[in-house]
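Here are a few quick notes from my look through this one. Have the structure open while you read.

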Amino acid sequence: MYSCGMCRREFTQQRLLALHMRTHTDLRPFACGVCGMRFGRSDALTVHTRSHTGERPYPCDICQQMFMTSGSARRHMRTHSPVECRGPGSTEIPEIAKLS
Ligand SMILES: [Zn+2]
Ligand SMILES: [Zn+2]
Ligand SMILES: [Zn+2]
């Protein structure tokens, strides 16, 4: 028996295994069960699957808005500017602006 190193499927002929391996050659062995889109990493598939389920497990610490990925939550949190962190009504110029 020839077994596929990626999905453990077994084949009676090496030729059949070689044929099967083509399904893995794009290095995206993880397929979405809903739309069939393929991914190279299981975590990428997990994130993608959330676009079908609408699951948003990453909250913004500041406004509690929910996000699908930790990356988008982090990106969003940058929109809460440093000025806002100083508290409302602050007119202080940030250090970086003074240096430039
Ligand atoms: Zn396989
Ligand atoms: Zn999908
Ligand atoms: Zn927020």
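What share of the contacts with a separation of 6 or more in the chain comes from residues 24 or more positions apart? The figure is 0%. Keep in mind that this is a predicted model. My points follow.

1. Burial tells its own story: of the 100 residues in the chain, 0% are buried.

2. Secondary structure. The chain has 5 helices and 6 strands. Going along the sequence, you'll read them off as β-β-α-β-β-α-β-β-α-α-α.

3. Confidence. Mean pLDDT for the chain is 83, with 80% of the residues at 70 or more.

4. The start of the chain. Methionine 1 sits in the segment ahead of strand E1 (2-3). Is methionine 1 buried or exposed? It counts as exposed, because there are 7 C-beta neighbours inside 10 Å and the cut-off for exposed is 12 or fewer.

5. Partners of methionine 1. Setting aside neighbours within four places in sequence, methionine 1 is in contact with Glu10 and Thr12. As for glutamine 14, the C-alpha to C-alpha distance from methionine 1 is 8.2 Å, with the two residues 13 apart in sequence.

Notes
Residues are numbered from 1 along each chain as its sequence is written. Chains are lettered from A and ligands numbered from 1 in the order in which they are written. This is a predicted model: local features need pLDDT of at least 70, side-chain atom pairs count only at pLDDT 80 or more; totals for chains, interfaces and linings use all residues. Helices (H or I, at least four residues) and strands (E, at least two) are DSSP runs, numbered from the N terminus. A residue is buried if 20 or more other C-beta atoms lie within 10 Å of its own, exposed if 12 or fewer, and partly exposed in between; C-beta atoms are placed from the backbone. Two residues are in contact if their C-beta atoms, placed from the backbone, lie within 7 Å. pLDDT is the predictor's confidence in each residue, from 0 to 100.
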